[in-house]
Amino acid sequence: MTVALKLENLAKTYTVGRNLIGKPKGYVHAVRPFSLDVATGDTLGIVGESGCGKSTLARMLVGLLAPTEGHLEVEGETLDGKAPAEFGRMIQYVFQDPISSLNPRKTIRQIIEQPLIHLHSMNRAEREARILEIFDQVNLRPEFLNRRPHEFSGGQAQRIGIARALAANPRILVLDEPVSALDVSVQAQVINLLADLKEKLGLTYVFISHDLAVVEAVCNRVAVMYFGSIVEMGDAREIFTNPRHPYTKLLAESAPVVGTNVRRTEAANAELPDPMNPPKGCAFAARCEMATELCRTTEPNLNITNDSHHVACHHA
Ligand code: ADP
Ligand code: MG
């Protein structure tokens with residue numbers, strides 16, 4: 001296996017507020033230190049409920065946010081302290097909300113041209129050839145290039161967002177909830193397109209979603225995040241057929257199934273702990289039926305339970 005993306009003890013802590021002498025009023029450990037390799041050609045799913053740190057992680061991966069600690073490598077090349085342009089040639093971001101992520105005053109051509117100018121210094125003819133090539137790959141018609149973002153449907157706009165990300169010819173795409181804002185029928189089209197592009201271009205994906213069904217459809221590896229930590233990681237099939245962390249089980253059980261009533265458990269309704277005042281032991285203990293004194297006092301580590309399946313739980 002070749003490693004496309006390597007994270008070593010990557011973490012982000014936000015400081016919140018300042019008092020009169022400039023001392024922070026508090027800290028939010030949005031992503032706690034963890035290490036992870038993503039193999040070339042993998043689609044790694046990152047799942048977890050809102051506020052667990054997914055976007056913070058995504059923004060660090062693409063150089064939009066500096067990590068508080070840790071290292072990042074793409075294909076063996078370190079990205080620590082590199083300028084956003086260096087990231088941009090290797091790893092690109094696809095945003096959740098396709099229309100609002102595209103500048104409304106620019107034409108689609110002007111939008112897709114930007115990375116070609118700034119990352120690859122292409123001249124006009126080279127840019128035009130590249131834009132037409134990428135447009136063809138995402139199944140968009142060339143006449144769309146002279147229009148502006150508001151003239152497109154959500155699905156078309158997301159294909160434009162994907163074209164913009166791919167124009168830079170990156171090795172990795174970080175997709176932050178790429179289909180969450182789309183109608184279900186359109187979701188399937190975009191998911192199929194992403195699968196084709198990955199195959200054709202030899203890409204690696206980090207695919208963030210709160211929707212387990214989507215993750216199951218597209219990912220071969222899955223990392224489950226809770227309150228800033230990865231609590232379970234493994235092959236997608238393993239995670240979905242044999243979830244071991246109580247939080248993963250809860251996610252799987254509370255995913256709505258067509259034609260059934262949504263099951264509401266007390267734990268499913270509970271919220272994440274207060275990030276400004278984190279609990280001492282396992283962050284999930286207050287919602288967990290299996291929690292014991294050990295869980296309330298000692299944080300579990302991500303343990304290797306077999307070759308590829310890791311769980312951070314005292315009772316898994
Ligand atoms: P997700 O994408 O999973 O919803 P985020 O990465 O957006 O999660 O947020 C993780 C945590 O970090 C949340 O508690 C959020 O309130 C906090 N957070 C996000 N951005 C900032 C910021 N700029 N300053 C302070 N706290 C932040
Ligand atoms: Mg988010």
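A: A polar contact is a pair of N or O atoms within 3.5 Å; within protein, one atom must be able to donate a hydrogen and the other to accept it, and residues adjacent in sequence count only if both atoms are side-chain atoms. The model is predicted, so local features need pLDDT of at least 70 and side-chain atom pairs count only at pLDDT 80 or more, while totals for chains, interfaces and linings use all residues. Residues are numbered from 1 along each chain as its sequence is written, chains are lettered from A and ligands numbered from 1 in the order in which they are written, and side-chain values use heavy atoms, with hydrogens and water left out.

An oxygen atom of ligand 1 lies 3.1 Å from a polar backbone atom of G53. For S55, a backbone N or O atom is 2.9 Å from an oxygen atom of ligand 1. In T56 the side chain takes part, with an N or O atom 2.6 Å from an oxygen atom of ligand 1. Taken alone, ligand 1 exposes 560 Å², and the protein buries 62% of that (accessible areas come from the Shrake-Rupley method with a 1.4 Å probe; for residues, only the protein chains shown count as cover).

The shell around ligand 1 consists of Y14, V28, A30, E49, S50, G51, C52, G53, K54, S55, T56 and P275; a residue is near a molecule or strand if one of its heavy atoms lies within 4 Å of it. These residues divide into five nonpolar, five polar and two charged. Here Ala, Val, Leu, Ile, Met, Phe, Trp, Tyr, Cys and Pro count as nonpolar, Asp, Glu, Lys and Arg as charged, and the others, Gly among them, as polar.

Two elements, β2 (24-39) and α1 (54-61), each supply at least two residues of the shell. The most comes from α1, with three residues. Helices (H or I, at least four residues) and strands (E, at least two) are DSSP runs, numbered from the N terminus.
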